[in-house]
Amino acid sequence: MEIVNEHREFSTQGSGDLIDITRDLIAALAKSHLKKGNMTVFVQGSTAGITTFEYEPGLIGDVQEFYERLVPSDRSYHHDETWGDANGFSHLRATLTGQSLTVPFEAGKLLLGTWQQVVLAEFDNRPRKRLVVIQMIGK
Amino acid sequence: MEIVNEHREFSTQGSGDLIDITRDLIAALAKSHLKKGNMTVFVQGSTAGITTFEYEPGLIGDVQEFYERLVPSDRSYHHDETWGDANGFSHLRATLTGQSLTVPFEAGKLLLGTWQQVVLAEFDNRPRKRLVVIQMIGK
Amino acid sequence: MEIVNEHREFSTQGSGDLIDITRDLIAALAKSHLKKGNMTVFVQGSTAGITTFEYEPGLIGDVQEFYERLVPSDRSYHHDETWGDANGFSHLRATLTGQSLTVPFEAGKLLLGTWQQVVLAEFDNRPRKRLVVIQMIGK
């Protein structure tokens, strides 16, 4: 049994940026030569999230509108008064989404469905560098 | 340390079908003979989810109404125009819910609470066959 | 490769109590002497959750208001009729939040961001004792 950690950095364009990172996960698994186990994908920070959806333009728009409806960006939040950076909505969206996902793999392949992409969601109100940790445990 | 993967297929009845799979998880753990470790439960696909709640008729109804209120099925979504299958709401509900859950076990028992069932949630607008991967890592 | 389980009990003050447990996680990791692997944090029960956010008074208030807006506590739920304990809203909030989180660690340090605290969320409408399982797998 082995543990392999890979770090990837992504440059995001601020609130609403949804980046398909599935290809990076597949590449990290291939590089590890592990065949059976699981992969944990974790994004560092409190204004980003890891989620999954079918990555196509229609649904990307739906996801963006869903977050806007659920946690409006034009409302003020108590957090905004703490630092003056007006990103209370970003924090709430990240809390709702979560920063971690675990996906099993077999025969060297992640068991994702064909239309099930792993997506890094930027919620912050400005471009950020995001560290994503890809950790594989297996044989 | 060992890794054991089990696959289970479930036939669902379409949107709002909530299936208690706790018994299947307990059986998979017993079969593995593992005593200490964790179990990852993962459903393949972008219109289903894995969640937990007390599986009783009242709460089943509450969960169904909650999803309907949060992501109405009678609204149109951009995704509906991509494939013409009118299940944009299914995708958004699945994204909100997540497809993966990790539960520790000890002495051969999952550390779930008595009223904490693991539930496969079908969000798609038609009956589906769902592959659930039950992966145990432990000793 | 080793597996270490730690149990921690927390006394909560009922609905809306949000407890930063990051320090407990760091202490458990230090005690384990593990250097590389991942930690799964799991709370037992169907009316509590594990989440992450920047733990500061403004955001604590925002998170509380967010849950109240999304799943109002003054509405009645079908579940309330099952047991007569009027905590249907607690169950729905817990289902939305999830009870499990996995965080990778390296060089003996959890890879959490500086403003990314792990929080035990009490949703039940009365004080509870909560069992949190901290499981580390690694070397």
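**Salt bridges in a predicted model**

Colleague: Which residue forms a salt bridge with Asp124(B)?

Modeller: In this predicted model, where local features need pLDDT of at least 70, side-chain atom pairs count only at pLDDT 80 or more, and totals for chains, interfaces and linings use all residues, side-chain values use heavy atoms, with hydrogens and water left out. Residues are numbered from 1 along each chain as its sequence is written, while chains are lettered from A and ligands numbered from 1 in the order in which they are written. A salt bridge is a side-chain nitrogen of Lys or Arg within 4 Å of a carboxyl oxygen of Asp or Glu, and with its closest N and O atoms 2.5 Å apart, Asp124(B) has as its partner Arg128(B).

Colleague: How far apart are the closest N and O atoms of Glu122(A) and Arg130(A)?

Modeller: Glu122(A) counts as buried at 1% relative accessibility, and Arg130(A) likewise counts as buried at 1%. The two residues form a salt bridge, and the closest N and O atoms are separated by 2.8 Å.

Colleague: How many salt bridges does a search of the whole structure find?

Modeller: Another of these pairs is Glu68(B) with Arg93(B), at 2.8 Å from N to O. Taken over all chains, the search gives a total of 15.

Note on methods:
Buried < 20%, exposed > 50% of the residue type's maximum accessible area, 1.4 Å probe, protein only.
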